[in-house]
Amino acid sequence: MNDIYKILVAATVGFLLSPLTEILKTLISSRQQKSKLIAKLKTFEIILCRAIRTTTKTIKDRESFIENPEKHLSTAFIIPNFNFPKIDSNIDSAYHMLSSSQRSMLLDLESQGIGIEKHLKKLSNIVEECKSTIYHKVNITKEIKEILEVRDIEKEHFTRALACEKAILYSAACMLATARRIIKNDPKNPNDRDTIKDISDELNIEIDLNWWQSFRNQ
């Protein structure tokens, strides 16, 4: 009888602890997913710092080409890498471990990433359009008789490409700041001008704030 009583008590305790065990498992899993999310955001940080450096150099090179093409014919205009790790599943699993500020900033991060993707696609289309236009007018219609006509086509397309690259740089700088605030769980939201200036100083790349009309005369 005593053994039966012990078995019943053990079964009762196990039954009562079962929901608690599931809760603990969920909490542990959420904490692990949050750690993975933060680790991936640190990878975002590395990718964005590199991309900001590359984009800044490309903008300067493109401006130099537009101003004086003949001096910069061998310039390679590099499109930066923005291949970020996937974080959707980590966010879902860690959602209850994130502060309301972190959740809100993750939405900002997604929006900034979409903005970069949109302008990268537009930039790629402009570059391809420039190449195909020159090829068509030189080899198909044979409209172009002088190299200056090629330079005019390049200038027109490169001016549009430059606008895309400046938009990409702006979004990338803001995205970097957002990722860092999520990592630190810092709800403060500095203005974009200060954000870009601080990143310019940190990376020692001399981002010209006059590239954006909204910052001029400030």
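View 1. A pocket is here an open set of grid points with protein on both sides within 12 Å along at least five of seven lines, and its lining residues have an atom within 4 Å of a point. In this predicted model, the largest pocket holds about 670 Å³ of space and is lined by 24 residues, of which Phe-44, Phe-84, Asp-88, Glu-110 and Gly-113 lie nearest its centre. Two or more lining residues come from each of the elements H2 and H3, the latter a helix that spans residues 100-140. With ten residues, H3 gives the most to the lining of this pocket.

**View 2. The stacked pair Phe-44 and Phe-84.** Among the nine aromatic pairs found in a search of the whole structure, the rings of Phe-44 and Phe-84 have centres 4.5 Å apart and planes at 15 degrees, and the pair is therefore stacked, since that angle is under 30 degrees. The two residues are 40 apart and the pair links distant parts of the chain, with Phe-44 in helix H1 (residues 2-67) and Phe-84 in the loop between H1 and helix H2 (88-94). Phe-44 has a relative accessible area of 4% and is buried.

View 3. Phe-77 and Phe-158 form an edge-to-face aromatic pair, with 5.2 Å from centre to centre and 75 degrees between the planes. Because Phe-77 lies in the loop between H1 and H2 while Phe-158 lies in helix H4 (residues 147-184), the pair ties together parts that are 81 residues apart in sequence. Phe-77 is partly exposed, at 22% relative accessibility, whereas Phe-158 is buried, with a relative accessible area of 11%. Arg-62 lies over the face of Phe-77, at 4.3 Å from the ring centre, and its charged end also sits over the ring of Phe-158, 4.8 Å from the centre of that ring.

View 4. Tyr-170, Trp-211, Trp-212 and Phe-215 are linked into a cluster by ring pairs. Lys-166 is found in helix H4 and, although it is a lysine, is buried, with a relative accessible area of 15%.

**View 5. The largest cavity.** One cavity of 30 Å³ or more is found in a search of the whole structure, and about 30 Å³ of space lies in the largest cavity. Its lining is made up of Thr-55, Thr-58, Ile-78, Pro-80, Leu-123, Glu-165 and Ile-168. H1 and H4 each supply at least two residues of this lining.

**View 6. The whole chain, for orientation among the close-ups.** The secondary structure of the protein chain comes to five helices and zero strands, and its elements run α-α-α-α-α from the N terminus on. Of its 218 residues, 36% count as buried. Among contacts with a separation of 6 or more, 76% are accounted for by residues 24 or more positions apart. The chain exposes about 13,700 Å², of which carbon and sulfur atoms supply 54%.

How values were computed: Residues numbered from 1 in each chain as written. Predicted model: local features only at pLDDT ≥ 70, side-chain atom pairs only at ≥ 80, totals over all residues. Heavy atoms only, no water. Phe/Tyr/Trp six-rings, centres within 6.5 Å; stacked < 30°, edge-to-face > 60°. Helix = DSSP H or I, 4+ residues; strand = E, 2+ residues; numbered from the N terminus. Buried < 20%, exposed > 50% of the residue type's maximum accessible area, 1.4 Å probe, protein only. Lys NZ or Arg CZ within 6 Å of the ring centre and 35° of its normal. Contact = heavy atoms within 4.5 Å. Areas by Shrake-Rupley, 256 points an atom, 1.4 Å probe, with all protein chains shown as cover. 1 Å grid on protein atoms, 1.4 Å probe; cavity = no way out; pocket = protein on both sides within 12 Å on 5 of 7 lines; lining within 4 Å. Points joined across faces, edges and corners; volume = space filled by probe spheres on them.
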